[in-house]
Amino acid sequence: MTADPAEPFPRYWAGIPAAFLATLALGLMLDGSDRDLFMFINGASTGWLPPALWSAISLSGSVLGMIALLAPTLKTQPRWLAAAFLAAPVGVLFSQGGKRVFDVMRPAGVLEPGSFQQIGQKLYVHSFPSGHATTAFVVAAVLILTWPRPETRGRAALAFLAMAILISLSRIAVGAHWPLDVLTGAVGGWITGGLGVWLSGRMRFWQHPGGLRAMAAIALASSLAMIFVDLGYPQARLYQIGLAAWGIGGAAAALMRERVY
């Protein structure tokens with residue numbers, strides 16, 4: 001069952017998490033404890049999960065990873081991927097524009113080597129905001145705000161927010177981002193995801209066979225690319241291939257369904 005695009009936009013669900021995340025980000029910025037919090041979370045994370053699992057979680061938050069994860073939903077909930085695609089241009093402008101404008105050094109460019117956990121590719125520049133956190137919260141906002149059963153939206157929100165928070169925490173665990181990067185990315189991602197949902201209620205291409213085929217083709221190409229692109233986490237290489245297969249299968253199933261009908 002696909003959510004009715006005529007359903008009123010859930011303003012409270014869109015606004016309250018954004019305000020809460022923004023308050024946390026502002027508080028952290030004013031407190032000046034960003035580096036101390038990074039060292040605490042990064043150090044503690046070594047006992048929470050093994051490096052290979054942190055790698056897989058972080059990889060899932062990439063744009064290619066999220067498209068692959070959502071690809072199988074094209075058959076039953078095409079609006080989810082449509083809203084994410086509509087949010088993408090603003091999300092990219094927010095995350096990549098912020099990185100260029102502020103040009104904040106990442107932990108590896110500031111802290112002594114060996115003083116914190118680093119997993120995967122070492123990055124040194126363009127830290128603020130976190131692109132992975134932005135992407136994760138775009139998807140969380142899309143899933144929650146377009147959840148097809150409003151009476152169970154709260155339970156769904158717990159699961160999807162937990163997913164987005166875990167991906168965001170992984171960026172600190174792998175040593176790629178400061179907490180403020182992650183919180184700011186989460187704010188931007190949530191607001192951008194809400195914009196994508198609002199647009200998808202007015203641009204209903206996802207309800208038509210041509211629009212669905214186009215989204216499936218993009219998801220298929222993106223998932224295929226995952227097989228060959230180095231996403232910087234060799235310890236999660238098998239997971240990356242499996243995630244690519246998941247996306248390829250989901251996109252192919254949506255294309256085949258459209259041919260049948």
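**Exercise 1. Find which residues lie nearest the centre of the largest pocket, and which elements build its lining.**

Solution. The largest pocket has a lining of 31 residues, and those nearest its centre are Gly61, Ser62, Val63, Gly131 and Thr135. Two or more lining residues come from each of H4, helix H5 (78–102) and H7, where helices are DSSP runs (H or I, at least four residues) numbered from the N terminus. A pocket here is found on a 1 Å grid over the protein atoms alone, as an open set of points with protein on both sides within 12 Å along at least five of seven lines, and a lining residue has an atom within 4 Å of a point.

This is a predicted model, in which local features need pLDDT of at least 70 and side-chain atom pairs count only at pLDDT 80 or more, while totals for chains, interfaces and linings use all residues. Residues are numbered from 1 along each chain as its sequence is written, and side-chain values use heavy atoms, with hydrogens and water left out.

As a next step, note that H5 contributes the most to this lining, with 10 residues. The volume of the largest pocket is about 680 Å³, a volume being the space filled by probe spheres set on grid points that are joined across faces, edges and corners. Finally, sort the lining by class: 16 residues are nonpolar, 12 polar and 3 charged, where Ala, Val, Leu, Ile, Met, Phe, Trp, Tyr, Cys and Pro count as nonpolar, Asp, Glu, Lys and Arg as charged, and the others, Gly among them, as polar.

**Exercise 2. Describe the second largest pocket by its volume, its elements and its classes of residue.**

Solution. The second largest pocket holds about 370 Å³. Its lining has 16 residues, and the closest to its centre are Leu21, Leu24, Phe137, Ile165 and Leu183. Two or more lining residues come from each of H1, H2, H8 and H9, and H8 gives the largest share, 5 residues. By class, this lining has 15 nonpolar residues, 1 polar residue and no charged ones.

**Exercise 3. Work out which residues of H8 are buried, and what covers them.**

Solution. Begin with the helix itself: H8 runs over residues 153–173, has 21 residues and reaches 29 Å from its first C-alpha to its last, close to the 30 Å expected at 1.5 Å a residue, the expected span being 1.5 Å times one less than the number of residues. After H8 comes Gly175, whose phi is positive, near 80°.

**Exercise 4. Decide where the buried residues of H10 sit around its axis.**

Solution. H10 covers residues 209–228, and its buried residues are Gly211, Leu212, Met215, Ala216, Ala219, Ser222, Ser223 and Met226. They span an arc of only 130° around the axis, so they lie on the same side of H10; the arc is that of the directions from the helix axis to the C-beta atoms. An α-helix has 3.6 residues a turn, so residues three or four places apart point the same way.

**Exercise 5. Name the contacts of Ser200.**

Solution. Ser200 belongs to helix H9, and it counts as buried because its relative accessibility is 0%. Leaving aside its neighbours within four places in sequence, Ser200 is in contact (heavy atoms within 4.5 Å) with Arg79, Ala83, Leu86 and Trp206.

How values were computed
Buried means under 20% relative accessible area, exposed over 50%, partly exposed in between (1.4 Å probe, protein chains only). On a 1 Å grid over the protein atoms alone, a cavity is a set of points where a 1.4 Å probe fits but cannot get out, and a pocket is an open set with protein on both sides within 12 Å along at least five of seven lines; lining residues have an atom within 4 Å of a point.
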